[in-house]
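Colleague: I would like to go through this structure with you. Please tie each label to its rule.

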Amino acid sequence: MPNYKSRWDNYNFFFAYGILIPVFLVMLIFSDATAKEWLMVMFSLLGGITVLLLIIYFTTSYKIDGQYLRYSSFIFFGKIKIKNINKLEVGKTMYVGMKPAFARHGIIVRYNKYDEIYISPPDNNEFVEELLKINLKSRL
């Protein structure tokens, strides 16, 4: 069965560093610490965030297997019964909620009555076609 990696989007790095670096610079201006101490702290935190983002990226994947859509991202994982999927919103981005994804403009999967999850496969259309094939087979 098909296995998909999450699509990469540099937005995550720009967002994290665009907020963190100015915060560190403001803290450096108003602190009594030496520049060397602040650089050590800043680089170790930025390095830690970079490593965490890379781990999340390399562990995020989706698998369509039989009647389930399985997702995993770092320590989060689960499965969704494909026949319980009510709606797929392609090309949208969800900012709040379960988001085992690493890019914008992915797919919002709405399933059961009120559940939703955001994923970002490499090719949205191919992924939707694969889900529709399995959903049509299960309804026959």
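Colleague: Where does Val-26 lie?

Modeller: Val-26 lies in helix H1. Helices are DSSP runs of H or I with at least four residues, strands are runs of E with at least two, and both are numbered from the N terminus. This is a predicted model, where local features need pLDDT of at least 70, side-chain atom pairs count only at pLDDT 80 or more, and totals for chains, interfaces and linings use all residues. Residues are numbered from 1 along each chain as its sequence is written, and side-chain values use heavy atoms, with hydrogens and water left out.

Colleague: Why is Val-26 called partly exposed?

Modeller: Buried means under 20% relative accessible area, exposed means over 50%, and partly exposed is in between (1.4 Å probe, protein chains only). Val-26 has 44%, so Val-26 is partly exposed. In space, Val-26 and Val-90 are 40 Å apart, C-alpha to C-alpha, and 64 residues apart in sequence.

Colleague: What makes Thr-34 buried, exposed or partly exposed?

Modeller: Its relative accessibility is 42%, so Thr-34 counts as partly exposed. Thr-34 sits in the loop between H1 and H2.

Colleague: How do you know whether Ile-119 is buried or exposed?

Modeller: The relative accessible area of Ile-119 is 1%, therefore Ile-119 is buried. Ile-119 belongs to strand E7 (residues 115-119). Its C-alpha is 9.0 Å from that of Thr-93, 26 residues apart along the chain.

Colleague: And Val-96, buried or exposed?

Modeller: Val-96 has 67% relative accessibility, so Val-96 counts as exposed. Its place is the loop between strand E5 (85-92) and strand E6 (106-111).

Colleague: Why is the contact of Glu-89 with Arg-110 called a salt bridge?

Modeller: The rule asks for a side-chain nitrogen of Lys or Arg within 4 Å of a carboxyl oxygen of Asp or Glu. The closest N and O atoms of Glu-89 and Arg-110 are 2.6 Å apart, so the pair meets the rule. Glu-89 is in strand E5 and Arg-110 in strand E6, 21 residues apart, so this pair links distant parts of the chain.

Colleague: Glu-89 itself, buried or exposed?

Modeller: Its relative accessible area is 13%, so Glu-89 is buried. Arg-110 is partly exposed at 27%. Glu-89 also meets Lys-87 in a salt bridge (3.8 Å, N to O). Lys-87 counts as partly exposed, because its relative accessibility is 45%.

Colleague: How many salt bridges does the structure hold?

Modeller: Six. One of them joins Glu-130 and Lys-133, with the closest N and O atoms 3.5 Å apart. Both residues lie in helix H3 (residues 124-139), three residues apart, about one turn of the helix. Glu-130 is at 17% and so counts as buried, while Lys-133 is at 46% and counts as partly exposed. Salt bridges with shared partners also join Lys-87, Glu-89, Arg-110 and Glu-116 into one network.
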